[in-house]
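Visitor: Could you take me through the aromatic residues and the buried side of a helix in this model, one question at a time?

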Amino acid sequence: MSRPPLPPFTRETAAQKARMAEDAWNSRDPERVALAYTEDSRWRNRSEFFEGRAAIIAFLTRKWAKEHEYRLIKDLWAFDGNHIAVRFQYEWHDDAGQWHRSYGNEQWEFDEHGLMRRREASINDVTITEADRRFRWAAPGPRPADVPGLGESPF
């Protein structure tokens, strides 16, 4: 199975890969998202460590059962060969209706087929009011073309 664009990445293809990941995560479909990773992909997400597509699907299912109305923006930070680093923000609310904005960075490593074999994510959460939300497009679904990335307003 191949998942273009393939490494080695250029600025254009690395940015395309980041946007493809953003769109998939904004679908909130764990099965769809998991297809971008190798069968034995290794993850660190905050303080959780796990491996494999089944674990990815279980993690994302648990995540999106808790993080309601999830909306994400990922921006390319750096790239080299088969590695990409992104920064991201996402907004969501919990069962009580409290909104949060989560900030983070991810480091990705891809195999020769363009599948991610390693993902490491560091994430911090900030409580926000509903009025402080910035990501208001219809969800689930991709970020509309007229909604800027994080480069326009990173914080």
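Guide: A residue counts as buried when its relative accessible area is under 20%, and as exposed when that area is over 50%. Please keep in mind that the model is predicted.

Visitor: Which residues of α3 are buried, and which exposed residues does the face turned away from them carry?

Guide: Helix α3 covers residues 53-66 and reaches 20 Å from its first C-alpha to its last, close to the 20 Å expected. On the face turned away from the buried side, the helix carries the exposed residues Ala54 and Ala65. The buried residues of α3 are Arg53, Ile56, Phe59, Leu60, Lys63 and Trp64.

Visitor: Within what arc do the buried residues of α3 fall, seen down its axis?

Guide: An α-helix has 3.6 residues a turn, so residues three or four places apart point the same way. The buried residues of α3 line one face of the helix, because, seen down the axis, they fall within an arc of 120°.

Visitor: What covers the buried residues of α3?

Guide: Both helices and strands take part, and the cover includes α1 and α2 as well as β1, β2, β3 and β4.

Visitor: How many residues apart are Trp25 and Trp43, and what kind of aromatic pair do they form?

Guide: A pair of aromatic rings is described by the distance of the centres and the angle of the planes. For Trp25 and Trp43 the centres lie 6.0 Å apart with 15° between the planes, so the angle is under the 30 degrees that counts as stacked.

Visitor: Are Trp25 and Trp43 buried or exposed?

Guide: Trp25 has a relative accessible area of 3%, and Trp43 likewise has 3%. Since both values are under the 20% cut-off, Trp25 and Trp43 are buried.

Visitor: Which charged residue sits over the ring of Trp43?

Guide: Trp43 belongs to one aromatic cluster that also includes Trp25, Phe59 and Trp64. Trp25 touches, among others, Trp43 and Arg119. The charged end that sits over the ring of Trp43, 4.2 Å from its centre, is that of Arg119.

Notes. Residues are numbered from 1 along each chain as its sequence is written. This is a predicted model: local features need pLDDT of at least 70, side-chain atom pairs count only at pLDDT 80 or more; totals for chains, interfaces and linings use all residues. Side-chain values use heavy atoms; hydrogens and water are left out. Rings of Phe, Tyr and Trp (its six-membered ring) pair if their centres lie within 6.5 Å; planes under 30 degrees apart count as stacked, over 60 as edge-to-face and the rest as tilted. Buried means under 20% relative accessible area, exposed over 50%, partly exposed in between (1.4 Å probe, protein chains only). A charge sits over a ring if NZ of Lys or CZ of Arg is within 6 Å of the ring centre and within 35 degrees of the ring normal. Helices (H or I, at least four residues) and strands (E, at least two) are DSSP runs, numbered from the N terminus. The expected span of a helix is 1.5 Å times one less than its number of residues. The arc is that of the directions from the helix axis to the C-beta atoms. Contact means heavy atoms within 4.5 Å.
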